[in-house]
Amino acid sequence: MKKMFRNILLFAALIFIPQIIMGKENAALKCLFSKSEMLQPTSNVAPILVATGNQFFCPGTSAKIVSTMTITDPDDTGIDAIYIQISSGYDIGDLLTLTGTHPNIISAWNSTTAILTLTGVSGQPTYTELISAILDIEFSTSSPNPSGTRNFSISVGQANYLPSNGHYYLYIPNIGIKWSDAKIAAQNSTYYGLQGYLATITSAEEAQIAGEQTTGAGWIGGSDMGVEGTWKWMTGPENGLVFWQGNFTGFTTNFAFWNTGEPNNNVDEDYAHVTASGVGIRGSWNDLSDTGDVSGAYQPKGYIVEYGGMPGDPILQIATSTSLTISSITSTTNSTRCGTGTVILQAISNTGTVNWYDSPTASIPIATGNTLTTPSVASTTVFYAAAHSPGCIDITRTPITASVTPKPILTVTSPYYMCDETYTVIDVQTSAGVMFWYENATDTNPIFWEHISLCLTFIKILCIMPKQTTMVAYQTESQSS
């Protein structure tokens, strides 16, 4: 057996060595191994991004957008760029800034797309360098009264990533492209293995990231080519879903974001298009013909491709997300009382803690909690509730009113005298409210009442008492609502 094995090796050497000398080593290998045994090239494995850091944001400050960040990639040590975007909640004045010292990283902020791009100074930056930079990115805003939540996406690709649905949105410039051609081009494209389609926009945050925060205007997947005025999504997972009925006076039972006066079906316009910058409401929709105009604002400039949600799509982690929630009061309850005394006010915050102040600039809270029992107040007084987060100064304060209605004052002269079985008139004056009459001091049901608004032309209310044969003491009170 050993002799046979040596003979085989000798035979292989006689064939292989001359072939190598002649530069034909692949042909020689094929003589020894079948195709299935040949070493095949492996495809590049997509990186996995994971971030943590959902926190509260203190208005008037800046805050890191992540607490931890990892990038796992078995076959690469770096990548050309990382894209960090305010993917929902973006407002004018919001800003992402790279802080700290990162000599091999360049950052570039785009206020239209709300994307901060990290690239290398020269060549491809390493994942270690990129992670260090991401950990030093801070959010701030110049908005005087910021509110809501900012969601941040961190992605290895240029497509906008929406954390709420896990989809990606990419604008493809192509001046003059038809809607029908854009539909085919979109569905023939892939993004890290995800099937593409003309974007189907079904929520306000999708409209923002796919319309307002894209780099250009273009076709989306809506059309009423089948039945005029019945607008359907013709692409993607929502294919066939009706999202609008009628023209610009129509209605939706789902979501639509038409520009003012659209859709108007001007010259057989059956296809939805995100309007160009400067045309009406930013990121809103317009209907155009399949070709659109040959030039100008209504000439197609490209199309918006959405990736995600299609059957057979791979599960990816090429993007991750975090959020900052701005401390705010989410609901309040004012209260009213009659006359001097305390008032109970209520407020609820998204942080779980409410601090109460007696002025908009006071530095020390007078109470903490969802309910405030005010000090005794004799007139209408405004108190202030602030949603408090540890380490934050309570800058934003919500006014809550403790209303005080002055207690009515009765003016009456008593007693009155009358003869047996006769009538008399009792004169009573009230400062406000409704006057109630009772037969004794403990009755709860008035025998009648008189509203002061009915007697504005009189100084006194004249109340005629019934005939009496014995002495009777009548009681009166005045109430304000």
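Predicted model: local features only at pLDDT ≥ 70, side-chain atom pairs only at ≥ 80, totals over all residues.
Local features require pLDDT of at least 70 and side-chain atom pairs pLDDT 80 or more, while totals for chains, interfaces and linings use all residues. Numbering runs from 1 along each chain as its sequence is written, and side-chain values rest on heavy atoms, with hydrogens and water left out.

The sheet is open and consists of 3 strands in the order 3-9-6, with antiparallel pairing. Strands are DSSP runs of E with at least two residues, numbered from the N terminus, and two of them pair if DSSP finds at least two bridges between them. Strand 3 (63-64) and strand 6 (94-98) stand at the edges with a single partner strand each, so one side of each has no neighbour in the sheet. Strand 6 is joined to strand 9 (residues 137-141) by 5 bridges, and Thr-97 stands opposite Glu-138 in strand 9.

The model contains 1 disulfide, defined as a pair of cysteine sulfur atoms within 2.5 Å. The disulfide links Cys-58 to Cys-392, with an S to S distance of 1.3 Å. Cys-58 lies in the loop between strand 2 (55-57) and strand 3, and Cys-392 in the loop between strand 28 (381-387) and strand 29 (398-405), so the pair ties together parts that are 334 residues apart in sequence. The angle about the S-S bond is -50 degrees, and the link of Cys-58 and Cys-392 is left-handed. Buried denotes under 20% relative accessible area, exposed over 50%, and partly exposed the range in between (1.4 Å probe, protein chains only). Cys-58 is buried at 13%, as is Cys-392 at 12%.

Glu-306 belongs to strand 20 (residues 302-307). Glu-306 is buried yet has no salt bridge, and the nearest side chain of opposite charge, Lys-183, is 14 Å away. A salt bridge requires a side-chain nitrogen of Lys or Arg within 4 Å of a carboxyl oxygen of Asp or Glu; Lys and Arg count as positive, Asp and Glu as negative, and His and the chain ends are not counted. The side chain of Glu-306 reaches the backbone nitrogen of Thr-200 at 3.0 Å.

Most residues other than glycine have a negative phi, and most peptide bonds are trans. Glu-262 and Pro-263 are joined by a cis peptide bond, with omega about -5 degrees. Pro-263 is in the loop between strand 17 (242-245) and strand 18 (271-274), and Asn-265 lies in the loop between strand 17 and strand 18. Asn-265 has a positive phi near 50 degrees and is partly exposed at 29%. Ala-114 has a positive phi of about 60 degrees and is buried at 0%.

Terms used. Helix = DSSP H or I, 4+ residues; strand = E, 2+ residues; numbered from the N terminus. Polar contact = N/O pair within 3.5 Å; in protein donor to acceptor, adjacent residues only side chain to side chain.
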